Amino acid sequence: MFILELTYTAPVSAVDDLLEAHVAWLDAQYEAGVFIASGRKNPRDGGVIIAVARDRAEIERIVAEDPFTVAEVCAYRITEFYATKTAPALATYREQLPA
């Protein structure tokens, strides 16, 4: 599982200009089953996405396609972790530690 933390590197007005395209990109990732949750940080200096994927390379490819990345209005910090414990509603996403 991955935590994707976005930090804006441009004024919010530049981010807002790309918001519709970014939301369409988000929607495609939800439809593909990659994203589980996402939203703005408070204060509004970026966002957070919780994602599942085969590996880090897949996440890096997906992040590279974000209109925010393409336009260089944000930077991503990607953190991979093992979701060994979850709420019951997220049991499908539980993982085992690698051997």
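Is Tyr8 buried or exposed, and what is its relative accessibility? Select Tyr8: at 15% relative accessibility, this residue counts as buried (under 20% relative accessible area is buried, over 50% exposed, in between partly exposed, with a 1.4 Å probe and protein chains only).

Before moving on, some housekeeping. You're looking at a predicted model, where local features need pLDDT of at least 70, side-chain atom pairs count only at pLDDT 80 or more, and totals for chains, interfaces and linings use all residues. Residues are numbered from 1 along each chain as its sequence is written, and side-chain values use heavy atoms, leaving out hydrogens and water.

Now for the rings. Phe, Tyr and Trp (its six-membered ring) pair if their centres lie within 6.5 Å; planes under 30 degrees apart are stacked, over 60 edge-to-face, the rest tilted. That rule gives 3 aromatic pairs here.

The partners come from distant parts of the chain, 60 residues apart: Tyr8 in strand E1 (residues 2-8), Phe68 in helix H4 (residues 67-70). Helices (H or I, at least four residues) and strands (E, at least two) are DSSP runs numbered from the N terminus. Phe68 is buried too, with a relative accessible area of 1%.

Next stop: Trp25 and Phe35. They're edge-to-face as well, at 5.3 Å centre to centre and 70° between the planes. Trp25 belongs to helix H2 (residues 19-31) and Phe35 to strand E2 (residues 35-40), so this pair ties together parts 10 residues apart in sequence. Trp25 is buried at 7% relative accessible area, and Phe35 is buried at 4%.
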